[in-house]
Amino acid sequence: MKTPRYLVPHLYTADPAVHVFNGKIYIYPSHDVESGIPENDNGDHFDMRDYHVFSMESIDGEVTDHGVVLDVKSIPWSGRQLWDSDAAHKDGKYYIYFSLKDRNDVFHIGVAVSDRPEGPFVAQDSPIKGSYSIDPCLFEEEDGSHYMYFGGLWGGQLQRYRDNKAIECGHEPADNEPALCSKVVKMSDNMLEFAEEPKDLLILDENGEPLQAGDHDRRFFEASWMHKYNGKYYFSYSTGNTHLLCYAIGDNPYGPFTYQGVILTPVVGWTTHHCVAEIAGKWYLFHHDCVPSGGRTWLRSLKVVELEYNEDGTIKTMDGLKK
Ligand code: FUB
């Protein structure tokens, strides 16, 4: 599949997470809606209220919409804005991890559980203890342990924390200081808690130095994703205000990671967000753009396109505007 394919024409969907469960492809996206809220840097216009799950038998097969599987009204601690989510499977249970603001307008990460990959999911009473910011990604290591990667700047509130603690006044570091990092944390056996304190996921430049906060073309902004290819760990992410999907390679789930390059150049829209999944022996990039909504940044549509590696394990850069 060299030509990108839109996956869900009947709904606006974004921020894909894709997993193969029981031989079937499951997509866990955000569900964009027309909120009527004016666009701002805080992302208030992304006022999403529920999640749908989608499935496919094969990558070019029909997409089944399993309907609403989790509604903000059913989440006991909910305030507003259901942002990016991911899913995981362990011991016969399926878990959705989601970004949501509490009633004080502070983002945390929640978890909801089901017996089936297509839900419906039942949310826990409180957010995951010690969680903050947005965009959880769950990565399953070969030994069955799971790691969560999370964090997002600006509206995602990561700049309000240092060393996992809220600071008085949120701010980004100076341009010549190390950039804020995505966080990585091992999950407990029951998948409902962090097993440790989240750690910084360091992205180093070609000289082994941490990327600087002013390096907007390369530093982490949001949309963490982890996948493993040929024994190496690939951490990919969005640079936010420079609209790139980039990646870095490391030797273990915690890193450090070394910056490699761009996976996808800017798409139509402000946000760019993706996941990488291996399906039937081929690798795919799932992401979103705002072409079908005529460029309305808060109404995004999911796409998939094949992802290609070079012989040295680097990823071929793709054109975000390719039709
Ligand atoms: O969908 C809301 C937010 O937009 C996500 O959490 C970010 O990653 C960005 O895609």
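A pocket, as the word is used here, is an open set of grid points with protein on both sides within 12 Å along at least five of seven lines, and its volume is the space filled by probe spheres set on the points. Please keep in mind that this is a predicted model.

With that in hand, start at the second largest pocket, which has a volume of about 320 Å³. Its lining counts 25 residues, and Gly43, Phe46, Glu222, Trp270 and Thr271 are the closest to its centre. Sorted by class, this lining holds 8 nonpolar, 10 polar and 7 charged residues.

What sits in the second largest pocket? The ligand does. Now look at the residues around the ligand: Asp15, Met48, Trp83, Asp84, Ile134, Asp135, Glu222, Thr271, His273, His288 and Arg300. This shell is made up of 3 nonpolar, 3 polar and 5 charged residues.

Zoom in on the contacts next. Asp15 places a polar side-chain atom 2.5 Å from an oxygen atom of the ligand. For Asp135, too, a polar side-chain atom lies 2.5 Å from an oxygen atom of the ligand. In the side chain of Arg300, an N or O atom is 2.7 Å from an oxygen atom of the ligand. How much of the ligand's accessible area does the protein cover? On its own the ligand has 280 Å² of accessible area, and the protein covers 99% of it.

From here, move to the largest pocket, with a volume of about 550 Å³. Its lining has 21 residues, and those nearest its centre are Val18, His19, Val20, Phe139 and Glu140. The lining of the largest pocket comprises 12 nonpolar, 4 polar and 5 charged residues.

How many cavities of 30 Å³ or more does a search of the whole structure find? There are 3. The largest cavity contains about 70 Å³ of space. Among the residues that line this cavity are Pro178, Ala179, Leu180, Leu201, Leu202, Arg219 and Phe220. By class, its lining divides into 10 nonpolar, 1 polar and 1 charged.

Technical notes:
Residues numbered from 1 in each chain as written. Predicted model: local features only at pLDDT ≥ 70, side-chain atom pairs only at ≥ 80, totals over all residues. Heavy atoms only, no water. Near = heavy atom within 4 Å. Polar contact = N/O pair within 3.5 Å; in protein donor to acceptor, adjacent residues only side chain to side chain. Areas by Shrake-Rupley, 256 points an atom, 1.4 Å probe, with all protein chains shown as cover. 1 Å grid on protein atoms, 1.4 Å probe; cavity = no way out; pocket = protein on both sides within 12 Å on 5 of 7 lines; lining within 4 Å. Sits in = over half its atoms within 2 Å of the grid points. Nonpolar A, V, L, I, M, F, W, Y, C, P; charged D, E, K, R; others polar.
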